Amino acid sequence: MVQVITSISEMQQLAQSFKRQGKTIGFIPTMGALHDGHLTMMTRSTKENDVTVASVFVNPLQFAPDEDYDAYPRQIEQDTESAQSAGVDYIFHPSAEAMYPDEIGIALKVGRLAEVLEGAQRPIHFNGVVTVVNKLFNIVQPDRAYFGQKDAQQLAIVEKMVKDFNHPIEIVGQAIVREADGLAKSSRNVYLTEQEREEAPALQESLQLAKQYYLNGERDSKVIIDRITDYLQQHTSGHIDEVAVYSYPELVEQSHIEGRFFISLAVKFSKARLIDNIILGDDQ
């Protein structure tokens, strides 16, 4: 039976107890509204660790005033049932007041990696991400932490943070989990209208089209970006926020593709901004 912990001190004491017993801790940080992408990571963690902890915490620091913090889905009862089905041992579900009882006096700031892609669109977002992830790591003390590759920029930033701050934690990237029609699973998919949901698989289809151009020898980023853009314009009613090609995990924009890279795109529908990506290159 999964146990829900709301107290920071209780979670820390549990983690310390597991450490004394020599048990490994796997950790999946989430904002709730769990879907199969989360559950895949949770199931994997239960196989690779003695204890699995998932956090459910909607982090206010990573939302700008005009974003959907208040509207973000909160469904802890349903999330608890889902996590239990995946074999999770503990859900850490603190309140915002517990996590941030006072104004934060010492802030973490992501450098160049957050100045592109999602970070350029949402300037405070990744500072909030690294702040909460650092706090969660200090509370849960995991041996392994699991992050989805759908948020490839976030994964690269967390990996760099762990290296820079000497966290003794292995970061495990989980491949994107998709619906049967190819749409990347996301808590924000519920915001799509019926028509938009029918159009949304075009994001993945455009990336697969780009992959074929790459496999056929195309190395000019502009050509690939133009092909993706044309496909999305023909098959969706959404606004194309961005299509870009970057080295991975360095996140340097590529005009001529070399080595490992990823293609990232974002499409804004009426009430949901969807992102997707594909990583290709040296070890695709």
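**View 1. Helices H6 and H7 form a right-handed crossing.** In this predicted model, the axes of helix H6 (residues 125–140) and helix H7 (residues 152–164) come within 11 Å and cross at roughly 50 degrees. Because of that angle, H6 counts as oblique to H7.

**View 2. Residues of H6 and H7 that make the contact between the two helices.** From H6, the contribution consists of Phe-126, Val-129, Val-130, Val-133, Asn-134 and Phe-137, while H7 supplies Gln-153, Gln-154, Ile-157, Met-161 and Val-162. By class, eight residues of this contact are nonpolar and three are polar, and no charged residue takes part.

**View 3. An open sheet of three strands, in the order S7-S8-S9.** The pairing throughout this sheet is antiparallel, and its edges are formed by strand S7 (239–247) and strand S9 (273–280), each of which pairs on one side only. On average, and with direction ignored, neighbouring strands of the sheet are turned by 10 degrees against each other.

**View 4. The pairing of strand S7 with strand S8.** Strand S8 (residues 261–268) runs antiparallel to S7, and the two are joined by eight bridges. Within this pair of strands, Ser-247 stands opposite Phe-261 in S8.

**View 5. Helix H9 packed on the sheet.** Helix H9 (residues 202–215) touches strands S8 and S9, and the direction of the helix makes about 25 degrees with that of S9.

Note on methods:
Residues are numbered from 1 along each chain as its sequence is written. This is a predicted model: local features need pLDDT of at least 70, side-chain atom pairs count only at pLDDT 80 or more; totals for chains, interfaces and linings use all residues. Side-chain values use heavy atoms; hydrogens and water are left out. Two strands pair if DSSP finds at least two bridges between them. Helices (H or I, at least four residues) and strands (E, at least two) are DSSP runs, numbered from the N terminus. Axes are lines fitted to C-alpha atoms, for helices over the stretch in contact, and angles run from 0 to 180 degrees between N-to-C directions. Contact means heavy atoms within 4.5 Å. Angles under 35 degrees count as roughly parallel, over 145 as roughly antiparallel, 65 to 115 as roughly perpendicular and the rest as oblique. A crossing is left-handed if the near helix is turned anticlockwise from the far one by less than a right angle, and right-handed if clockwise. Ala, Val, Leu, Ile, Met, Phe, Trp, Tyr, Cys and Pro count as nonpolar, Asp, Glu, Lys and Arg as charged, and the others, Gly among them, as polar.
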